[in-house]
Amino acid sequence: MELLKRHSKLSSSFFLVYVEVIILLSCFNLQGPNLLGLATATTVIRGNDTDQQALLHLKAKITGDQLKVMESWNSSIHFCQWHGITCGRKHQRVTKLELQFLELSGSLSPYIGNLSFLKELNLASNNFYDHIPQEVGHLRRLERLELINNSFSGEIPSNLSACSKLTYIRMRGNQLRGEIPGSFGLLSKLKFLSFVNNSLRGSIPPALGNLSSLEELYLTYNALSGVLPEALGRLTNLTHFSADENSISGSIPTAMFNLSNIIVFSIGGNKIQGTLHSDLAITMPRVEAFSVWGNQIYGKIPISISNASNLYQLQLDENRLSGNVPSLEKLENLFVLNLYTNHLGHGIEGDLNFVCTLVNNTKLGILSIHNNNFGGVFPKCIRNFSRTFSVLGIEHNNILGRIPDGIGNLNSLEVLRASQNQLSGPIPFDIGRLQKLKKFYVDSNFLSGIIPHSIGNLTMLIELALDVNKLKGSIPSSLGNCQNLLRMTLSHNNLSGSIPPQVLALSSLSILLNLSSNYLTGELPFEVEKLKNLGELDVSKNRLSGLLPNNLGSCVSLEKLFLDGNLFEGPIPSSLSSLRGLAALDVSDNNLSGKVPEFLASFGALKYLNISFNDFEGVIPSEGVFKNSSATFVEGNNKLCGGITELHLSRCNSAKSSKTSLRLKIVIV
């Protein structure tokens with residue numbers, strides 16, 4: 001026993017001496033165990049153990065790592081050399097954790113709060129989910145918090161206000177809910193705050209007005225309600241404010257119009273009422289983007305707006321503004337002017353005078369003034385607009401006169417919308433010079449003359465609407481050059497001649513081809529088989545004749561087919577059995593004959609069928625669409641029989657059918 005005690009004391013003494021030697025040698029940066037020739041199984045922990053353990057806990061919560069980034073997080077190298085880690089030189093503590101755009105998924109471990117030297121946390125554009133842990137509020141040195149484009153849910157940790165050095169918070173594109181913590185008003189160094197595209201509710205806390213250093217505040221795409229706090233007018237350093245697409249009501253606080261450093265002011269898509277400040281451009285001299293679209297703002301556009309010489313974007317659309325638009329000649333930097341869907345103009349000459357004040361603007365790109373009450377003649381000065389001009393929207397007004405001849409000068413124009421006005425005269429021949437034009441709408445006017453052959457030069461055209469006018473002559477075959485067309489409507493005109501095969505050969509057409517209510521003649525061209533992607537074909541109310549082409553069955557994407565009001569004859573081709581997606585079929589008012597095809601009863605999508613006023617005969621099916629008398633129209637076919645009683649057809653003569661069958665058998669024998 002005594003021997004055991006001595007041995008124990010000796011062992012203890014040796015251990016103490018060993019530890020002291022190790023400590024002494026470590027002071028001289030020497031490897032004690034190696035120097036003494038002793039082996040050890042214990043791995044020496046290099047750096048701070050708290051940070052390393054916190055990082056390993058973070059790694060453990062990551063459940064998806066497609067790029068295998070976390071494989072570098074192991075004991076073979078110092079944790080300061082792990083991917084995304086930056087350490088301070090002095091203490092070898094983690095100061096930056098940057099794991100953005102790495103396709104990581106998982107939750108954020110509460111151990112994040114143990115990285116007490118952390119200044120930057122960036123997890124942007126991954127798939128982190130679950131709550132943001134409250135422990136983030138323990139990071140007293142944190143300056144930047146970047147969590148955008150993840151799936152974080154739950155409420156915003158209110159104790160983030162304890163991170164008094166925070167200057168930058170971005171949480172855009174998550175699933176955060178609850179309210180914006182009022183305690184954020186304590187973050188006196190905060191310069192940037194973004195909660196765009198979440199599900200935040202409640203009012204904007206007035207305490208945010210205490211953030212005297214705040215320069216940018218983004219709250220767009222949430223469910224915020226209440227009013228804009230008057231206290232926001234104290235944010236004298238604010239340059240960018242955006243709260244679009246919420247449910248904010250009330251009026252814009254007068255103090256906010258006095259934010260002299262504001263560059264972007266955007267509150268579109270809310271329920272804000274009231275009028276615009278009369279000294280708008282004077283009190284906001286630096287403003288470049290002013291957007292209040294989609295609210296309930298009324299009154300006139302302030303004359304002072306003409307002094308906003310830095311203005312690049314002015315969006316006043318979808319409000320209740322009225323009166324005249326002031327001169328805009330000083331807005332030399334204006335690129336976007338959206339005034340549509342208001343009550344502007346008086347429906348008289350002079351309403352559009354402001355348009356010509358923009359002629360000297362060399363940067364104007366978009367002018368949308370549709371859905372108003374503008375009257376007067378289509379301004380000829382538009383042909384002198386800048387070469388950057390790309391969108392002109394003037395539809396749904398009372399604009400008179402012709403489309404200016406020089407409109408071909410606008411060689412950057414991509415969209416021209418002038419529908420539902422009172423325009424007259426021909427379509428200018430030089431329209432063909434607009435070779436970047438993608439959308440051309442001049443339907444529902446009083447345009448006359450022919451469709452110019454030059455329209456075939458618009459090879460980038462996607463949508464063409466010339467319907468409901470007084471156009472005459474033939475459909476130009478040059479339209480076959482427009483091989484990007486998705487939608488074309490030429491209906492309700494006085495067009496004549498045959499349908500050019502080149503038009504039906506446009507395989508790009510996928511939405512609609514409407515040639516109805518004209519005076520077109522001849523047969524439906526064989527090239528109709530090229531319309532394999534088309535959803536709706538309407539050639540009704542013309543003078544087309546001949547048999548329905550067999551290859552009409554190649555148009556397998558058709559959902560609506562209108563052939564009514566023509567002179568077609570013969571049977572419905574059996575090839576139409578391939579049009580199984582048809583929802584509407586109208587062949588009424590023709591000279592079609594033969595039996596009603598049985599395959600129509602098997603079309604599950606068919607909700608409207610009109611075969612009336614033809615010469616069909618035999619028994620009508622009783623299944624599918626034929627069971628619905630409100631969806632099936634068969635009158636005017638005197639040789640049809642059977643079907644459901646609501647169709648009011650005569651009963652089929654079974655005896656006659658039997659004799660016919662017997663005769664047929666005899667002939668066959």
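Is Glu-395 buried or exposed in this predicted model? With a relative accessible area of 10%, Glu-395 counts as buried, where buried means under 20% relative accessible area, exposed means over 50%, and partly exposed lies in between (1.4 Å probe, protein chains only). In this predicted model, local features need pLDDT of at least 70 and side-chain atom pairs count only at pLDDT 80 or more, while totals for chains, interfaces and linings use all residues. Residues are numbered from 1 along each chain as its sequence is written, and side-chain values use heavy atoms, with hydrogens and water left out.

**View 1. Glu-395 and Arg-417 form a salt bridge.** The closest N and O atoms of this pair are 2.9 Å apart, and a salt bridge here is a side-chain nitrogen of Lys or Arg within 4 Å of a carboxyl oxygen of Asp or Glu. The pair links distant parts of the chain, 22 residues apart, with Glu-395 in the loop between strand 23 (391–393) and strand 24 (415–417), and Arg-417 in strand 24. Strands (E, at least two residues) and helices (H or I, at least four) are DSSP runs, numbered from the N terminus. Arg-417 is buried, with a relative accessible area of 19%.

**View 2. Glu-146 forms a salt bridge with Arg-170.** Here the closest N and O atoms are 2.6 Å apart. Glu-146 belongs to strand 7 (residues 144–146) and Arg-170 to strand 9 (residues 168–170), so the pair ties together parts that are 24 residues apart in sequence. Glu-146 is buried at 7% relative accessible area, whereas Arg-170, at 21%, counts as partly exposed.

**View 3. Asp-430 and Arg-433 form a salt bridge.** Their closest N and O atoms are 3.8 Å apart. Asp-430 counts as buried at 13% relative accessibility, while Arg-433 is partly exposed at 44%. By the rule given above, the count of salt bridges comes to seven.

**View 4. Lys-119, Arg-141, Lys-165 and Lys-189 form a positive surface patch.** Such a patch is made of residues with over 30% relative accessible area and no salt bridge, like charges being joined within 9 Å, and the place of a charge is taken as NZ of Lys or CZ of Arg. Lys and Arg count as positive, whereas His and the chain ends are not counted. Lys-189 sits in the loop between strand 10 (175–178) and strand 11 (192–194), and Lys-189 is partly exposed, with a relative accessible area of 43%.

Note on methods
Patch = residues over 30% accessible without salt bridge, like charges linked within 9 Å, V, L, I, M, F, W, Y side chains within 5 Å. Areas by Shrake-Rupley, 256 points an atom, 1.4 Å probe, with all protein chains shown as cover.
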